[in-house]
Amino acid sequence: EGFPFLRKSQQKLPPNRAPFNTAVTLTYIFTMFRSTLSLLLLPAVSALLKMPSGITEETLCDGGLCDDRDLPYSNLIPSQPGYQWNDAGGYCGSWATQRAVLSKGAWISQQQVRDHTSPCGGNDNEILSCNIDEAWTNLKLDYDGFDFKSLETPQTDGYKSWLKAQLAQGNAVAWMILWSGQTYPIYDLTPPSGMYGHVEPVIGIQSNHPLNDTTVYDDDVILHYTDGGVNTVHREMSTLSGEWGGPGEKADCGDYSYCIGNPWGFGWAVKGFADDVVAAPASLHISPWMKEPDTRSGEDPDEIQGTLTATDLEEGATYAIYRWDSVKEALTYSDEYKKTTFKATSDTYEYVDDKSFQSDSATYYRVVKQ
């Protein structure tokens with residue numbers, strides 16, 4: 001099988017050349033040696049942004065943390081859990097983006113997320129705090145990022161308030177967290193860059209108080225996926241904070257294996273799509289949903305069936321459903337992208353798309369009043 005970490009173009013000799021051409025063979029050997037050496041010199045780089053050894057979704061669920069809570073007020077944002085890709089440093093930032101964007105009516109492959117940003121210190125275009133804004137902007141997302149760059153530190157209280165407000169408004173959040181016992185910053189970055197070890201989608205909030213009450217209560221419950229399973233973790237707000245002693249020091253999350261950043265907080269909330277067209281809220285449910293085929297590792301993409309659910313519709317009004325199958329085409333409201341029209345008979349409409357899309361695509365839907 002050769003060296004699986006090499007691109008396919010590096011695993012084969014150039015066409016129309018003799019297999020024992022000395023120059024070609026030496027170039028090939030040098031390429032393999034250089035790639036192998038880079039991995040040997042950086043053994044930890046390829047394993048950073050995913051669950052550390054010994055941490056699984058089962059351990060994260062210990063103590064009933066994945067059990068449903070019966071609280072009087074909640075906002076559960078429609079999305080689906082599952083498994084991230086674990087190669088090339090871990091695709092948790094791409095996966096968290098993908099699952100957050102489902103709640104607004106789009107599917108974006110993990111590789112598409114990386115392909116729409118620039119490298120800033122990780123494995124190629126790995127999603128970090130220093131390039132996620134570029135990715136989300138290029139993917140035509142309307143979003144709100146917590147201002148960790150300019151707010152005074154420590155930011156813990158302000159971050160919790162921001163997080164609660166976004167979730168109460170129905171905006172899924174990609175947050176960056178610390179693993180207890182892991183040394184920071186990662187990748188020898190300069191803080192605040194690199195002050196995290198994992199990225200996850202946060203998809204809900206529960207409370208004993210009305211959600212229009214902006215006060216952060218200790219018993220407010222934050223719901224998030226782990227990127228490594230099918231459960232939803234429930235953490236009380238009072239348990240989220242951790243400690244960090246400075247560059248080169250390990251994070252201390254107390255009784256938990258992970259915590260939010262300290263003194264910086266990291267979060268990006270997806271609000272919708274970046275254009276001026278007024279559209280109905282819509283979420284996308286996909287099948288199959290658990291794990292996107294890892295095309296980077298050579299797996300073939302799946303065909304995905306999408307079901308779109310539009311809400312807050314005006315009964316009796318006519319709406320059009322648009323679909324685009326690439327970032328470049330997205331948000332171009334011409335008839336060629338109009339899938340169907342319907343007259344709303346209630347405030348909710350479910351559309352089962354009769355045409356699948358590939359898992360390695362970026363596919364967007366919008367529901368627009370005519």
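Q: What pattern do the disulfides of the protein chain follow, with bonded cysteines counted along the chain?
A: The pattern is 1-2, 3-4, 5-6. The structure holds three disulfides. This is a predicted model, in which local features need pLDDT of at least 70 and side-chain atom pairs count only at pLDDT 80 or more, while totals for chains, interfaces and linings use all residues. Residues are numbered from 1 along each chain as its sequence is written, and side-chain values use heavy atoms, with hydrogens and water left out.

Q: Why is the link of Cys61 to Cys66 called a disulfide?
A: A disulfide is a pair of cysteine sulfur atoms within 2.5 Å. For Cys61 and Cys66 the S to S value is 1.9 Å, so the pair meets the definition.

Q: What makes the disulfide of Cys61 and Cys66 left-handed or right-handed?
A: The torsion about its S-S bond is about -70°, so this disulfide is left-handed.

Q: Which hand does the disulfide of Cys120 and Cys130 have, and why?
A: Cys120 and Cys130 are joined with S to S 2.1 Å. The torsion about their S-S bond is about 70°, so the disulfide is right-handed. Both cysteines lie in the loop between α5 (110-115) and α6 (132-138), so the pair ties together parts that are 10 residues apart in sequence.

Q: How do you know whether Cys92 is buried or exposed?
A: Its relative accessible area is 0%. That value is under 20%, so Cys92 is buried. Cys92 belongs to helix α4 (residues 92-102), where 11 of 11 residues are buried. Helices (H or I, at least four residues) and strands (E, at least two) are DSSP runs, numbered from the N terminus.

Q: What makes β17 and β18 a pair of strands?
A: Two strands pair if DSSP finds at least two bridges between them. Five bridges join β17 (residues 318-324) to β18, so the two strands pair. They run antiparallel, and Tyr322 stands opposite Lys338 in β18.

Q: Why are β3 and β18 called edge strands?
A: The open sheet of four strands has the order β3-β21-β17-β18, with antiparallel pairing. β3 (106-108) and β18 (338-343) each pair on one side only.

Technical notes. Buried means under 20% relative accessible area, exposed over 50%, partly exposed in between (1.4 Å probe, protein chains only).
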